[in-house]
Amino acid sequence: MAKVELKQPIVAAIAEDVKDAASVVLVDYRGLTVAQDTELRKQLREAGIIYKVCKNTMMKRAFEGTDFAGLNEYLEGPSAIAISKDDATAPARIICKFAKGAEKLEVKAGVVEGTVYDVAGVQELSKIPSREELLSKFLGSIQSPITNFARVLNQIAEKGGEAVEAPAEAAEEVTAE
């Protein structure tokens, strides 16, 4: 069997992993201890992120004709990829946070929703909260005025319908008829 035939399934597997991916982050893992590598893999797996160490030539072939072809210029030296299908910022967030404790882990570049980012760009992306955190903050900001309004209504009810001074958050005076 020719070498090309042996490599074809590997290229196909990488292509399948990056197909429909929200993001891919490319890292240089040289110098990580086995314990560090195991912990990084665990954190990525728990977040639903695919993490693979692949040959650069295989990744280049798998990236051909996709948004990820922009990573080709960063494919030098040992490379691993972290792929997320759902949360576009999760790989950047987890890897950059992990790299603070493991200086040997180096981010090379990434692609998020079709845009190629260098190291600085990936680090900026890592600061974006997860979708769940953003939704939680949004719901909290919507809920705050409703909570204040309910508090005022409760105070009116407790006072037997008398006019009550509203809390500082509610700028207007509330009265009952």
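Biologist: How many helices and strands does the protein chain have?
Modeller: It has 6 helices and 5 strands, in the order α-β-α-β-α-β-α-β-β-α-α along the sequence. Helices (H or I, at least four residues) and strands (E, at least two) are DSSP runs, numbered from the N terminus.

Biologist: Where is confidence lowest and where is it highest?
Modeller: The mean pLDDT (the predictor's confidence in each residue, from 0 to 100) is 82 for the protein chain, and 87% of its residues reach 70 or more. H6 has the lowest confidence, with a mean of 77, and helix H2 (residues 34-46) the highest, at 93. Over residues 168-177 the pLDDT is below 50. Where pLDDT is low, the predicted coordinates should not be read in detail.

Biologist: Which residues of helix H3 are buried?
Modeller: In H3 (residues 56-63), they are Asn56, Met58, Met59, Ala62 and Phe63. Buried means under 20% relative accessible area, exposed over 50%, partly exposed in between (1.4 Å probe, protein chains only). Seen down the axis of H3, these buried residues fall within an arc of 160°, so they line one face of the helix. The arc is that of the directions from the helix axis to the C-beta atoms.

Biologist: And what comes just after H3?
Modeller: Glycine 65, with a positive phi of about 75°.

Biologist: New topic. How many aromatic pairs are there?
Modeller: The count is 1, for rings of Phe, Tyr and Trp (its six-membered ring) with centres within 6.5 Å; planes under 30 degrees apart count as stacked, over 60 as edge-to-face and the rest as tilted. The ring centres of phenylalanine 63 and phenylalanine 68 are 6.2 Å apart and the planes are at 45°, so the pair is tilted. Both phenylalanine 63 and phenylalanine 68 are buried.

Biologist: Last one: is serine 126 buried or exposed?
Modeller: Serine 126 is buried, at a relative accessible area of 16%. It sits in the loop between helix H5 (119-125) and helix H6 (131-158).

Biologist: What does serine 126 touch?
Modeller: Leaving out residues up to four places away in sequence, serine 126 touches Ala92, Arg93 and Cys96, where contact means heavy atoms within 4.5 Å.

Technical notes:
Residues are numbered from 1 along each chain as its sequence is written. This is a predicted model: local features need pLDDT of at least 70, side-chain atom pairs count only at pLDDT 80 or more; totals for chains, interfaces and linings use all residues. Side-chain values use heavy atoms; hydrogens and water are left out.
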